[in-house]
Amino acid sequence: MNCNVFTVLHLRANGQFSCGCDTGHEINLGAASAQSDWTVQGLFASRGYCLVRAMFRRGYAPWGGICTRCVAYQPDVPFAYDRPEKRLKQVQFEPSFACALRCPSCPRAELAPSRPGPVFLSLAIWRRVLQSLRDEHYEVGSFLTTGLGDPLTHPQLEDFIETIREYFPTSPITVNTNANYRLADVFPRGSYPDRLLVSVDGLNQRSYEQYRINGDVATALEFMRDARRVSGRRPAVEWKYILFRHNDSDEELIAAQRKAEELDVDSLQFVFTHTKEKSLRYSPANVGDLPIVWRGTYPDGTCHLRFRRTEPTALTPNDSDAQRGSSPPRRARIQVDSVQRWAGRLIVRGWAMGTDGSRPRRMLVQPDNDPPVEARIGLVREDVWQAYPALENRTSGFDAMVALPTSLSGAQVEITVTYESIHSDPIRFPVIYDLGPAVRRSRQAPAALHLPQG
Ligand SMILES: C[S@@+](CC[C@H](N)C(=O)[O-])C[C@H]1O[C@@H](n2cnc3c(N)ncnc32)[C@H](O)[C@@H]1O
Ligand code: SF4
């Protein structure tokens, strides 16, 4: 049996290390300290971690029912961490145990009277932990705020982020928040994490506040808008929308996607939960029925449901070589980088511009003979700009989401990309893709139409 307790550290606001999982988050494995003789090596040699190691080695779950109910517990996997690892997948930390909201299924308020120690994680302790990790040559895959409470209630959140960058400059940092704050108040120096995961379950105040009690949806939306507009090192903004029975109408889900597009966030997750308020309309069983209308939306699930985000399947261009011969008028370059099949939809990504670098007026994407869909254009493509610097076009990218044709005649689909400009007739670029068998690749050979300049 195995679990990830030796590769994912979980530091709570009171300075205790605990199991990071849901059932074991109140188990103390050891304590951190700001003293210069405190070390991570010493932590892994402390009583709590020794007990876990000894029990797993003998084939027993260290905390009985707490372990067997835990999603991180792997009863059939051999114990992998007999010797301490120098590679930590993640360091999770809880900057603050305080929160102004009262979400009904969050155990924070109930645990507050009995949780010992400070509510805010000490910056001195945090610095000592990071220094020890670095001095002992640990690699840290990423940093994530987690646990209970909201990290943005900590008055020194920027110091926490800056300290991580000082010791582990290349490890990405994610902060998960309810975003009921003004961005500028929390990050006055502009020290943002790499990623903001923003919990906003609903678009309308009436539905939002049924779970996010005391919360204000307008403030949370404004927080995301502001985060997208910052200059310099801009954080990725992911909107996390938990599907409850009070916020799962198709109207609200579609409106939330329109809002996500308008706010220009990087993605919108519709999350299935296991808690009692969960949606009765949508679950992992009918994920394909979710009304997904925006290319940045994807479904996800809490770990209890063991539902993993459905990975898009990359399609293989079938005979793009043959099509290279059938040249349309010589006034544009069009490239389809990828076509991915996902939850009954096709996501098409690529770039296009006139051979003089000019922008299209609009672009259309059409699967087989279905009605064409207008693509989003003007997306930043630094790689294309670097390849053709003289054309001075940094925003040649496009993407579109289209439904799989209803009347698929076989294992292929024809995607036609149409480039429209004010200078010429529309230029059509059709590519045939194989729909199966499933090809799982992150990158695929681009289907390209390169026309000589001029
Ligand atoms: C305890 S919260 C702490 C972070 C922050 N206060 C927030 O709410 O985003 C940790 C995570 O639990 C999620 N969460 C809260 N209630 C949930 C529920 N009923 N089902 C699934 N996840 C939930 C939050 O969205 C958040 O991502
Ligand atoms: S906002 Fe987060 S920490 Fe606060 S009550 Fe809700 S789930 Fe818990």
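Author: Two residues are in contact if their C-beta atoms, placed from the backbone, lie within 7 Å. The structure is a predicted model, in which local features need pLDDT of at least 70, side-chain atom pairs count only at pLDDT 80 or more, and totals for chains, interfaces and linings use all residues. Residues are numbered from 1 along each chain as its sequence is written, while chains are lettered from A and ligands numbered from 1 in the order in which they are written.

Reader: Which residues does Trp239 touch?

Author: Not counting residues up to four places away in sequence, Trp239 touches Val198, Val200, Met224, Ala260, Val265, Leu268 and Gln269.

Reader: What makes a set of residues a nonpolar core?

Author: The set must consist of buried Ala, Val, Leu, Ile, Met, Phe, Trp, Tyr and Cys residues joined through C-beta atoms within 7 Å. A residue is buried if 20 or more other C-beta atoms lie within 10 Å of its own, exposed if 12 or fewer, and partly exposed in between; here too the C-beta atoms are placed from the backbone. The largest such core has 77 residues, and Val198, Val200, Met224, Trp239 and Tyr241 have the most contacts inside it. Its largest share, six residues, comes from α9. Another core, of 27 residues, lies apart from it and includes Met353, Val384, Val413 and Ile415. In soluble globular proteins, nonpolar side chains tend to be buried together.

Reader: Why is His137 called exposed?

Author: His137 has 7 C-beta neighbours inside 10 Å, and the limit is 12 or fewer; therefore His137 counts as exposed. His137 is found in the loop between α5 (123-135) and β6 (139-140); helices (H or I, at least four residues) and strands (E, at least two) are DSSP runs, numbered from the N terminus. Although His137 is not a glycine, it has a positive phi of about 60°.

Reader: Why is Asn214 exposed?

Author: Asn214 has 12 other C-beta atoms within 10 Å, and the limit is 12 or fewer, so Asn214 is exposed. Asn214 lies in the loop between α8 (205-211) and α9 (217-229).

Reader: How do you know that β1 and β5 pair?

Author: Two strands pair if DSSP finds at least two bridges between them. Strand β1 (residues 8-11) and β5 have four bridges, in the parallel sense, and Leu9 has Val91 in β5 as its bridge partner. β5 also pairs with strand β7 (residues 143-145), in the parallel sense over three bridges.
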